[in-house]
Amino acid sequence: MKESPFIKVIFRELGRLRRRPRYLIVVTLGIVFSYVFFITLMYDGQPQKLPVAVVDHDASYLSRRLCQELNATQGVKVVAVYDNHMQARKAIQRQDIYAFIEIPEGTYANLLDFKTPHLALYTSNTYLLPGQLSYRSLATICRLASGAVHREILRKQGVDDQAITYAIQPIAIDAHYISNPTANYQPYVLTTVLPGIIGLMAVIFTLYIIGEEQHLSTARHWIKVAQGNIMAALAGKLLPYFLYFSLLTIIGNLILFGPLHYTLQGSFLALSLLSILYIAALQAVAVFIVALVPDMHLSICIGAIYTTLAFTMSGFSFPVTSMPPALQGFSIIFPLRHYYLTYVDIALYDAPFFQGLLHALPLLALCATFFIASLLIYRNYTKTAAMS
Amino acid sequence: MKTAQRLKDVYDVFVIELQRIAADKGVILIFFIATLLYPLIFGAIYKEEAVRRLPIAVVDDSRSDYSRRFTHKLDATPEVDICYCPNTMREAQHLMERRKINGIVYFPPEYATNLAIGRQSNLSLYCDMSSFLYYRSVYSAASATMLDEMETLQRRTYSDKGVAGLDASTKIEPIPFDDVKLFTPSAGFESFLVPALLVMVIHQTLFLGIGILAGTTVEDRRTLEMIPRRLRHKSIYRVSIGRALAYILIYIPVVAVVLFLFPKLFGLPHIGSMGDILLFLLPFMLATIFFCMTTAAFIHHRDSGILTLFFFSIILVFLSGIVWPQEAMPDFWRHFSYIFPSTHGVQGYVRLNSMGAGLRDVRFEYLMLWGLAGFYFITTITLTYLENYRHLKRSELHRRIHLQWTLRQAKK
């Protein structure tokens with residue numbers, strides 16, 4: 001029975017893998033490490049009890065009460081009470097605290113005299129997330145303090161409770177966080193970064209195994225096994241790893257949406273289909289890079305630069321729509337971008353199966369164009385090789 | 001004489017290392033192109049600092065003066081832009097699902113009636129949670145509008161009672177507060193993330209470059225060719241110093257451009273004193289270089305090195321405490337992060353450069369970096385020595401086998 005060249009290349013590749021499984025093992029360990037790292041790093045979901053300080057010039061009942069109220073919030077805790085502004089500023093520079101409240105002298109006395117004392121709230125946004133979270137806690141407590149005083153005055157005037165509520169807060173916002181009710185920070189990061197890391201590994205690994213053939217001068221044997229059919233040669237070589245990395249992405253998603261309970265409104269099947277397309281597109285890009293830059297060392301360097309940019313260009317942290325227009329177009333060539341968009345459609349908005357995968361169409365296009373381009377380049381390459 | 005000889009040794013290694021770098025296209029790409037490309041791209045990506053004019057929809061079932069005023073005020077915020085006013089929540093939901101909008105504000109029918117009879121009124125806000133910045137922008141726009149609208153309503157209640165002006169202010173907000181944003185007044189994304197990324201770029205390009213160089217040497221089986229013959233025994237430390245000097249020389253212009261010129265070009269915060277930053281960068285560069293040389297000793301193939309260690313860049317960014325605060329990290333990861341020069345480098349540079357801290361304020365990071373520099377220097381020379389020793393033993397063995405073989409041949 002005559003086997004097709006495609007099957008032969010697959011068996012040849014599996015044989016190579018059996019002889020030198022080290023890289024695949026190392027890559028897998030790297031991916032497992034990343035999952036363990038990210039899941040345990042942000043286990044709390046949102047930073048809590050961030051350190052803040054109070055600069056207390058007043059030393060009164062009010063300032064002590066403010067400290068107690070701050071400590072009672074989930075977001076911050078008062079780690080120090082300073083006598084002057086400079087000490088607190090220095091503490092921020094030392095990163096002992098992220099924010100502080102300054103209570104000027106005579107605050108309580110002025111309050112009792114209806115003289116509107118001013119508090120000052122200092123935050124540093126050099127560390128954006130903790131800066132903003134601690135600002136929010138401090139501002140809430142300050143507003144509540146105002147409200148509490150307001151309420152006391154109205155009570156003493158004999159106003160009833162419903163009218164007091166209206167007087168203090170006539171409007172209330174009833175906020176709904178779609179598909180992430182606790183505003184958990186973890187799903188934002190993990191659902192995109194972790195597939196991104198698998199993608200990074202897949203690209204560099206693909207570059208490596210193709211480059212290796214040229215590097216170890218086994219490329220001739222490879223093409224010979226494929227009977228000169230470049231399509232069979234590439235497809236056979238990449239298929240085992242395509243299956244492997246797709247499987248890893250799907251298992252990764254199983255962990256995220258299974259035991260970790262991230263919201264998945266749509267079907268897991270659609271998400272898995274997306275993962276498969278994503279890996280295929282990445283491998284196509286890798287083949288394209290090898291085709292353009294046959295030098296293995298250089299192509300891996302280029303692959304490294306390309307895959308790191310994917311994290312930023314996917315727009316999960318800073319939206320692509322807020323980037324300069326030229327870069328918005330640039331984001332199309334990153335499969336992670338399409339993965340992110342489709343993931344949002346499927347998981348957060350429960351888009352119908354095919355509509356959800358609509359955003360994944362560019363991935364398919366990416367696969368096709370890159371494959372065709374690289375096949376053309378390879379054909380030229382083999383032609384020149386044959387001629388010489 | 002002896003000192004002169006030592007210096008000459010260091011100088012020889014230094015020159016050899018520079019030649020190796022110059023001969024490697026991949027390393028040149030990483031040392032000179034990547035270090036410039038990354039900051040430029042990051043600078044361009046985050047140029048807008050914040051998310052502005054996010055499209056949202058307002059569904060107004062109240063159709064009243066109150067809800068219209070709220071809508072106008074909301075539209076006036078920089079963060080959001082009311083693009084759609086659908087008639088039903090269903091339509092709005094549909095828009096949201098098609099990703100046309102990033103938030104919905106809904107006024108229930110009783111919104112105005114409640115306010116008119118002096119009862120607290122609710123309005124609903126639906127936030128797109130697909131990106132943290134979407135959520136933050138929509139939420140902060142809505143709550144800022146709410147605060148403003150509240151004051152309008154409260155003032156009207158009091159003016160109905162004949163209390164106005166300062167009197168009313170005192171009643172409505174007895175303890176007002178001023179909001180001061182220190183160091184980065186724009187509170188933006190670029191001024192927060194890019195300085196940290198600049199340090200990471202320095203760290204990671206060195207890591208990759210040194211790793212590649214080490215891998216190539218091992219692959220080509222000429223570990224010792226780069227070491228002058230007379231240095232192959234006890235004076236191995238001169239080799240490490242010579243090589244480190246070569247990297248430092250190359251990185252002087254790179255650091256000058258990346259850490260000093262780029263912040264000025266992009267208008268990032270740069271209020272630090274140059275002297276302090278330079279003093280801080282000295283142990284940072286030494287620690288990073290020796291750290292990379294230590295790791296590189298374990299790399300036996302050029303490309304597997306990149307393959308296995310490259311994903312670590314992403315992990316190092318998160319370990320540095322710039323994205324996820326150090327306070328919120330589990331103790332294990334916090335201590336783990338201390339062994340990487342990048343953690344201290346990012347923390348120190350950001351505080352010196354963006355917050356204008358003095359060297360004394362980053363004492364912990366500064367001392368840790370010197371400690372790491374010393375530690376990794378020792379590990380580097382130990383590893384080089386061991387490798388050298390193994391190699392010598394092996395060549396000694398080869399020599400003996402060869403000798404025996406020749407003797408046997410001669411006997412025959």
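Let us start with confidence in chain B: helix α11 (residues 302–309) of chain B has the lowest, with a mean pLDDT of 65, while strand β3 (residues 103–107) of chain B has the highest, at 94. Here pLDDT is the predictor's confidence in each residue, on a scale from 0 to 100. Helices (H or I, at least four residues) and strands (E, at least two) are DSSP runs, numbered from the N terminus. Where pLDDT is low, the predicted coordinates should not be read in detail.

This is a predicted model, in which local features need a pLDDT of at least 70 and side-chain atom pairs count only at pLDDT 80 or more, while totals for chains, interfaces and linings use all residues. Residues are numbered from 1 along each chain as its sequence is written, and chains are lettered from A and ligands numbered from 1 in the order in which they are written.

Across chain B the average pLDDT is 85, and 94% of the residues score at least 70. Chain A has a mean of 86, with 97% of its residues at 70 or more. For the complex, the predictor gives a pTM of 0.88 and an ipTM of 0.86.

Now for the layout of each chain. Domain bounds come from an automatic or database domain assignment. In chain A, domain 1 covers 5–42 + 184–387 and domain 2 covers 50–168; their C-alpha centres are 50 Å apart. In chain B, domain 1 is 2–46 + 188–403 and domain 2 is 54–172, with 52 Å between their C-alpha centres.

How do the chains meet? Chain A brings 91 residues to the contact and chain B brings 88, where two residues are in contact if their C-beta atoms, placed from the backbone, lie within 7 Å. On the side of chain B that touches chain A, helix α6 (residues 132–160) of chain B gives the most, with 13 residues. That side is made of 53 nonpolar, 18 polar and 17 charged residues. Ala, Val, Leu, Ile, Met, Phe, Trp, Tyr, Cys and Pro count as nonpolar, Asp, Glu, Lys and Arg as charged, and the others, Gly among them, as polar.

Strands also join the two chains: β4 (residues 119–124) of chain A pairs with β5 (residues 177–182) of chain B in the parallel sense, over six bridges. Two strands pair if DSSP finds at least two bridges between them. In this pairing, Leu121(A) stands opposite Asp179(B).

Is Leu348(A) buried or exposed? Leu348(A), in helix α14 (residues 335–348) of chain A, counts as buried because it has 24 C-beta neighbours inside 10 Å. A residue is buried with 20 or more other C-beta atoms within 10 Å of its own, exposed with 12 or fewer, and partly exposed in between, the C-beta atoms being placed from the backbone. Beyond four places in sequence, the contacts of Leu348(A) include Ser179(A), Met129(B) and Ser130(B).

Compare Thr73(A), in the loop between α3 (61–72) and β2 (76–82) of chain A. Thr73(A) is partly exposed, because 18 C-beta neighbours lie inside 10 Å.

Finally, helix α12 (residues 296–313) of chain A has 14 of its 18 residues buried, so it is largely enclosed by the rest of the structure. Just after α12(A), Gly315(A) takes a positive phi of about 80 degrees.
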